[in-house]
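Student: I'm new to this one. Can you walk me through how the helices pack and what sits around the ligand?
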Amino acid sequence: MTVTEARRAPVRPPRAGRSNGQWAIDGRAPLNANEELKAADNGLNVRQRIESIYAHEGFDSIPDDDLHGRFRWWGLYTQRRPGIDGGRTAQLETSELEDRYFMLRVRTDGQSLSPAALRVLGGISTEFARDTADITDRQNIQYHWISIEDMPEIWRRLESVGLETTTACGDTPRGFLGSPVAGVAADEIIDPTPVIREIKRLYLGDPELANLPRKFKTAVTGHPSLDVVHEINDISLVGVRHPTLGPGYDLWVGGALSTTPMLAERLGAFVSEERAADVWHGVVRIFRDYGYRRLRNKARLKFLLAEWGAEKFRQVLETEYLGYALPDGPAPEPARGAGDHVGVHAQKDGRFYVGATPVVGRVGGPLFTDLAELIERVGATRVHLTAHQKLVILDVPESRVEELVAGLDELGLTTTPSPFRRSTVACTGIEFCKLAIVDTKDTAARAVAELERRFAGEDLDQPISLHVNGCPNSCARIQTADIGLKGQIVTTDDGVQQPGFQVHLGGGLASTDREEAGLGRTVRGLKVTAEQLPDYVERVIRRYQADRVEGE
Ligand code: SF4
């Protein structure tokens with residue numbers, strides 16, 4: 001599928017006499033069970049019940065509509081019961097698949113994690129989550145094995161260091177992606193920190209925005225590496241320099257992956273720092289009021305944009321929601337530098353930031369605690385997460401960079417990773433996700449180790465991105481990877497059914513050239529088993545090395 005085809009994925013008009021369930025056009029009568037659940041009680045209200053009832057009376061006291069519905073508004077999903085074969089995922093009821101423990105998502109919104117925050121995150125992992133903690137590709141922390149009884153204490157600890165789980169999941173504005181080098185990079189166009197802070201101050205937990213048609217993803221960056229995958233968010237503000245108005249943001253809307261992937265569109269509008277929160281609020285309310293609610297698989301903003309087009313979207317935004325016209329503005333320059341920020345880089349204040357690499361985002365409680373000690377020891381002050389499941393340590397004095405790099409190495413967080421370790425992303429997978437069909441994290445980690453062994457000593461001059469999903473959803477963004485893998489049960493030549501993957505090749509982001517940024521294509525019929533994965537990746541790379549043309 002080309003970019004243009006992806007963007008223009010067909011949006012069928014509703015059948016005669018049938019609506020798409022748009023509040024502003026069709027009224028608010030709920031058209032399906034999900035809409036009924038949200039209309040019956042705002043998802044945000046469930047926290048009060050967790051703290052006053054469920055945490056005391058236990059898992060069995062939680063009614064189904066809270067457990068499988070509103071809990072998500074506070075970042076809680078039941079996790080998968082261990083030992084259930086992936087082939088049975090689609091055949092079983094939720095109650096048979098789920099455990100009595102939860103996955104908990106903590107949002108960081110691109111903000112700084114102080115040593116105190118890292119210790120709190122590590123302590124929660126160790127005391128309440130069996131030492132689990134993953135960095136997600138949305139800059140969240142995900143825990144597993146959480147008991148409902150522990151939630152009041154977990155919230156108390158998180159909030160003591162400025163962290164929250166508010167609308168971390170659910171049909172809401174979820175955790176924001178923010179440039180991990182905001183405010184420090186020497187080549188930054190504009191620091192997005194004030195914009196993210198203001199949006200959160202005004203709108204995080206706003207009950208008026210807690211019943212959207214589906215999830216709503218936000219990204220804000222001012223860094224020329226375009227480090228927040230802006231093409232696949234519902235709204236992105238991307239730093240640009242206006243020829244007369246100075247630094248500000250270029251507005252993109254309507255990107256999202258999943259089963260009908262579409263890249264975001266530029267509206268051609270320039271947004272100043274002062275107006276950014278207002279514009280964000282306008283776009284969310286367009287989604288709330290005009291987004292499709294009849295069918296859940298048509299309920300993302302991308303479908304409304306596909307129907308309206310960028311011109312109408314901008315006109316509705318300006319006339320119905322903002323009450324003022326936005327000036328036209330320039331597009332971002334093509335990406336400069338790697339957006340994962342791995343390695344050692346100079347800050348504008350003479351200190352350094354250092355990007356380090358856990359394998360597929362897996363960290364855990366002891367590592368957070370050790371990292372807090374390390375960064376304090378070297379006189380650094382804070383850590384940011386990236387949209388690529390990495391960590392960036394900020395404000396490192398020049399004289400302590402070497403010591404930090406050595407300390408990170410000891411913690412298993414190399415700053416000079418192999419291309420495989422650097423560019424492999426994996427979703428939660430069958431270990432904990434109820435929708436998963438296959439394992440992802442361990443499979444990907446094993447593949448990384450094996451590929452590092454096979455290519456040891458060879459100079460791979462290009463990064464190669466490997467994104468591993470445990471089911472047909474796209475939490476690990478398979479359509480944006482050189483090699484994307486979509487989990488499914490595959491049948492081998494011998495007729496044996498095994499965990500494996502459908503292969504998707506040739507995706508890539510972080511380019512403003514729409515002919516270059518693309519969603520790749522599924523290679524019909526090309527499937528590999530989990531065991532064959534290293535062999536397959538090696539074959540692709542060796543063929544690419546042998547056949548590529550000059551400059552490719
Ligand atoms: Fe779960 Fe599928 Fe998302 Fe992976 S891609 S986390 S298996 S829903």
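Tutor: Helix α9 (residues 193-203) packs against helix α10 (residues 276-290) at about 55 degrees, with the axes 9 Å apart. Axes are lines fitted to C-alpha atoms, for helices over the stretch in contact, and angles run from 0 to 180 degrees between N-to-C directions. Helices (H or I, at least four residues) and strands (E, at least two) are DSSP runs, numbered from the N terminus. This is a predicted model: local features need pLDDT of at least 70, side-chain atom pairs count only at pLDDT 80 or more, and totals for chains, interfaces and linings use all residues. Residues are numbered from 1 along each chain as its sequence is written.

Student: So how are α9 and α10 placed relative to each other?

Tutor: They are oblique, therefore. Angles under 35 degrees count as roughly parallel, over 145 as roughly antiparallel, 65 to 115 as roughly perpendicular and the rest as oblique.

Student: Is the crossing of α9 and α10 left-handed or right-handed?

Tutor: Right-handed. A crossing is right-handed if the near helix is turned clockwise from the far one by less than a right angle, and left-handed if anticlockwise.

Student: Which residues of α9 and α10 meet?

Tutor: From α9, V195, E198, I199, L202 and Y203; from α10, A276, A277, W280 and H281. Contact means C-beta atoms, placed from the backbone, within 7 Å. The contact has 7 nonpolar residues, 1 polar and 1 charged. Ala, Val, Leu, Ile, Met, Phe, Trp, Tyr, Cys and Pro count as nonpolar, Asp, Glu, Lys and Arg as charged, and the others, Gly among them, as polar.

Student: What about α7 and α12, at what angle do they pack?

Tutor: About 160 degrees, with axes 7 Å apart, for α7 (residues 115-128) and α12 (residues 365-377). That makes α7 roughly antiparallel to α12. Their crossing is left-handed. Residues in this contact include L118 and L121 of α7, and F368 and L371 of α12. By class, 8 are nonpolar, 5 polar and 2 charged.

Student: And where do α15 and α16 sit in the chain?

Tutor: Helix α15 covers residues 441-454 and helix α16 residues 533-547; their axes come within 9 Å and cross at roughly 50 degrees. So α15 is oblique to α16. The crossing is right-handed.

Student: New topic. Which residues surround the ligand?

Tutor: C427, T428, G429, C433, L435, A436, N469, G470, C471, N473 and C475. Near here means a C-beta atom, placed from the backbone, within 6 Å. This shell has 6 nonpolar and 5 polar residues, and no charged ones.

Student: Last one: how many helices and strands in the chain?

Tutor: There are 16 helices and 18 strands. The C-alpha trace spans about 65 × 60 × 50 Å along its principal axes.

Definitions and conventions:
Contact = placed C-beta atoms within 7 Å.
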